[in-house]
Amino acid sequence: MIKARINDLNVEVPEGTSILDAARQVQVRIPTLCKHKDLLPTAACGLCIVRNKGGNKMIRACCTPLENGMEITTHDNDIVEVRRTTLELILSNHPMACLTCGRNGECELQSLAADFNITNETIKRYVRDVPADRSTDSIVIDFTKCIKCGRCVQVCQESQSVWALSFLERGINTRMAPAGDIVLSESPCVKCGQCSAHCPTGAIVEKDETGAVWSSLMDEGKVCVVQIAPSVRVTVGEAFGLPPGTNLTRKLYSALRRLGFSAVFDTNFSADVTIVEEASEFIERFLHKKGQLPLITSCCPAWTDFMEKRHYDFIDNFSTAKSPQQMLGVLAKTYYAEKMGIDSSRIYMVSIMPCTAKKYELSRTEEMHASGFKDVDVCLTTRELARMLKQSGIDFLALPDGDPDSLLGDYTGAGTIFGATGGVMEAAVRTAYFYATGKKLEKVELEVVRGLQGVKEGTLNIEGTEVRVAVAHGLANVEEVLDKVRAARREGREMPYHFIEVMACPGGCIGGGGQPYGVDDERRRQRIAGLYQDDRDRIIRYSHENPEVIRLYQDFLGKPLSAKAHALLHTRYTARPLYKR
Amino acid sequence: MNPITHEKLAAYAMVPPGPAEWIRVQLDTGGIAAGAEGVLEAIRNKRDEARLSLSVHRVGSVGYSYADPVVEVQSAGMPRTMYGRVCPGVAARIVQEHVQQQRLLDDHVIATRKRSTVLGGPITQILVKDTGTGSSDKTEFFQFSLVEEMRRRGVSDRVQVVRALDMGLYNEGVVVQLLPSAVTYANVLAPDVARIVSESLAEGKVLDDLLWSDPDLQTRIVLRNCGEIDPDSLEDYLRNAQGYQALGRVLAGMQPPDVVAEMKTSGLRGRGGAGFPTWLKWQLTANQKSPQKYVICNADEGDPGAFMDRSVLESDPHTVLEGMMIAAYAMGSTMGYFYIRAEYPKAVERVQRAIEQARAAGLLGKNILGSGFSFDAKIRLGAGAFVCGEETALIASIEGKRGSPSPRPPYPSVRGLWGHPTAINNVETLASVPAILLRGGAWYAGHGTEPSRGTKVFAVTGKVQNAQLVEVPMGTTLRQIVYEICGGVLDGKEIKAVQTGGPSGGVIPDKHLDTPVSYETLQQLGSIMGSGGMLVMDQHDSMVDVAKFYLRFCVDESCGKCAPCRIGGYQMLQILDRISRGRGAAEDLNTLRRICGAMQKASLCGLGQTAPNPVLSTLRYFIDEYKAYIEGGPSYARKMSRLQTGEAPKENLKVAATS
């Protein structure tokens, strides 16, 4: 342990703890715009400077480990003056467009400027005029608002291994941009949106589509229906000041109905459908040896995109089951429309997702139009939903609880945990075990696949056969798992896994790129805890026992993997290598 | 080439000096730019035409940039002579007149600075030059007087009187050097001519009242082989420059800690600018337990006006390689990189050849000299970013990443290249190492001052008479360097300041020029030692423009990673630009100071931390100039810019500008 003093207070921290983190232990917040808890320090902003007694230089608290006997001063007139000037310099290179910015009120730069009481501009402003990148359906990059903190670049390169973003040029002309100075849609970007979730300013934001939803809600010719993704229920509260993990499922049902949606569905329902299809697929491959193992989950569109671009040698391992978002979309415009006697062309399906890649998924392939129409018309992120709720004047937190609409609304505990890393695997195992053995698992919770460790591995016993599973989240971790499989293939060994779950974002969907800002591992844990609590609170915890799912197959699809199910609920993948040799 | 062994090295240490007759042409980039290749060709042609046997070869540069191309001649019956400003025509004459007819050429001789106080033998030639700054040059008058006086005394057929290009003394009136002894008389007046002839020439007496007995201020340790050996010849290095003797001694009889201890005794500090003790850097790297360690030679020299690293690499690459090998041995490293900026193709070529030669001779590779020590070296090219001279950015660059600095700790000595312990030493530092190991740390520490030991090479440029490389012991004053070694300010103007340390340094005004140079003293004056660039400014140079020039360099070269440097530099430049156009406001000076403070304290790497130095030091010493620009407005700014371009003031310009 390291013993030192910060502002004359004794601190004791493990070796390697940065001064920034050590200061938090004695209730001192050192300002920073570049350091994010998820990421290594980039040391870019220069605001976290502190002084060590006897040292003639100021040192950066974010990247300097506390050492024995240090006597750190975090605030004195000199330090604050340097911070203020540095902040003024950053502001002098930033457009003063706060009132019309996507991050207004939630911007780290804005709140720091307020903290420092910066009330006038003493340094002439210079902002290079670079047009924004709106080339994708998911993310908008406004380069002028970038403060070059490097978080997005680091998360894109290190956490996600996507390497879409980089720094170009140098000096005052330095800019964050897709590597090679191309547009984002032509870059390796998989639209996971982690850049936007980590950006301290409004430089990277989700493509806002609330306007389209508002006008559709006002359009009498449209029957607006909506679905809520598993993770949204435990995160949306953060935008209203509630602690992460607060389950607001039933308030969301009420709120969405008040917004004007004719029917409110739950993506958890279609998550159950996904499990039924995917578990059946697994049984086919595992027991009946039809198709390749390991089976790899496909409900994360960022992961799917990443696979098609970079790891297309795994196409045959991919589950062909569509994601819950798309399944619900197609079922709403076929099954629901048929049962309710609504003209499918009038149905306008809005999805509320934790994710920017889900926006991209809407038009990923032609199978996303399986209903004959665009299965999901528009996808909003949790952040956009929160904005809509605030605009609507609805006192969200005071609303009475509501219920979802029947046919596509009921869900099980297995469906709700889809939003957490390991959740899809756990849900699938619950059902696959039943399909293989005709028996229920003795212990419904599969602890080995839970938690925030980057790669989780486990085995379970199905009728005396060992099933090896792996769960990876954060795309950089995925590559580690894939490489193991590749090595086994190359050497003709037995596959290391039978079933792999992948979610692109660290923590899974609860850490998605469209979730409320300020994510870190602590928040991820709280959000996940909210989902697991929801699972425990459900009476039914097996997807195949969902009564509405059973009815769906009885009345409409026939059985899992039927021709109709295939036509509506499955998709295909294409290798799309980025850099052709 | 057969592998070099200890026995062979011992034999090389014994061999007598090379051939007695030679002509050396100094071919570094500067010499080549001035036409040295044509000179070399002309000399070879003329030699072949005359069927002479003397060897003609290329060597590196001795550092007299002002006199490029430089040729040195050693031929029978003649004192060893250096010629400057040689063109192919003069080159041919050197062969014909100097070698064949045994006569020195007028107007090209650079007198030796190894001056003697005893004549020793008969005088064969007399060099003469008027070094005064008076309106008329009396060189020819004194040449004529000496010739006449000798003719009168009947000695003219014996002694040649030659007008020199440079006497190595400045502002000392008429200077006369008697060859071959190099007894030198300064401040010679017309009446002295008769005495020189009657007493020195005829009687062999030294005239004590005229004698210049001060020793040369320079001590050549780093530059010891520059201009002396062929940089492309390992044989020359081995035979004539005690090549690889230090390595042989280290591998044969010293343990790595002994080497570090010797370096500690020497007191050598990093010559890249920061002055970190070299032994400590080696020690820290040696302390790391790692199967792989790296040593890197930082040859990313980028300060405007600095060219000493280039010159050393081009003139004596084997010494730097030998220094690197000794460093590697001391630290337990087996792999070295030369990080050389791509703008130095000649240096790259010569270092590459040196590496190949050393490898072919078994001096690089496995089990060097049978010692069990293995080492190899490679070159990596810098792609033109100044910031890549910063250690962590340099490492990133070698790794193929964007050349941006990263936070320290971890220091490269703990986690450097590819994550392994790495020591990064500057060219000049490594070039000092073989000499230290050969002659001992105590010998090296005998030069210079406490706590700045040894010698330092400076590249003196700007408004100076003789732009050149200078190697002086620490503690030499700036005034000595500028006036006594480099001949003072160009055109006899008055000096205003000397800028040291390049864009990270500051200006030192005239009143502080008697400060002895050391890491500490320069820092106290608000500048730094830096890599050794030294820019002389005269009375007409605008200090606001000087600050702007250096700041613009840093703004261009900022990697853009951290906000204080990226934005601070740019914003300061805008303010300076406003001021220099006469559009500044009084509060600009305050804002400048504030941004300077933020950049110094909050920038991540040395580039940003030191970039404000030129601004701060000009604000410190020349605040009145800033105020004059602000108060004088645009008309003052125009007047100043005309003064600098040398245009005569035009009174009607103001009218023209407003109409």
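With which residue of chain B does Glu88(A) form a salt bridge? In this predicted model, where local features need pLDDT of at least 70, side-chain atom pairs count only at pLDDT 80 or more, and totals for chains, interfaces and linings use all residues, residues are numbered from 1 along each chain as its sequence is written. Chains are lettered from A and ligands numbered from 1 in the order in which they are written, and side-chain values use heavy atoms, with hydrogens and water left out.

The partner of Glu88(A) is Arg594(B), with the closest N and O atoms 3.3 Å apart, a salt bridge being a side-chain nitrogen of Lys or Arg within 4 Å of a carboxyl oxygen of Asp or Glu. Two salt bridges are counted between chain A and chain B. The contact (heavy atoms within 4.5 Å) takes 35 residues from chain A and 31 residues from chain B. About 2,600 Å² is buried between the two chains, 58% of it on carbon and sulfur atoms, where buried area is the accessible area (1.4 Å probe) that two parts lose on being put together, summed over both. On the side of chain A, Leu89(A), Arg170(A) and Ile172(A) lose the most area to chain B, together 23% of what that side buries.

Across the whole structure, 98 salt bridges are found over all chains. In one of these, Asp401(A) pairs with Lys251(A), the closest N and O atoms being 3.8 Å apart. Asp401(A) lies in the loop between helix H12 (382–392) and helix H13 (413–416) of chain A, and Lys251(A) lies in helix H7 (residues 249–259) of chain A, so the pair ties together parts that are 150 residues apart in sequence; helices (H or I, at least four residues) and strands (E, at least two) are DSSP runs, numbered from the N terminus. Asp401(A) is partly exposed at 47% relative accessibility, whereas Lys251(A) is buried at 18% (buried means under 20% relative accessible area, exposed over 50%, partly exposed in between, with a 1.4 Å probe and protein chains only).

A further salt bridge joins Glu457(A) to Lys484(A), with the closest N and O atoms 3.0 Å apart. Glu457(A) belongs to strand E15 (residues 455–462) of chain A and Lys484(A) to helix H15 (residues 475–491) of chain A, so this pair ties together parts that are 27 residues apart in sequence. Glu457(A) is partly exposed at 41%, and Lys484(A) is partly exposed at 38% relative accessibility.
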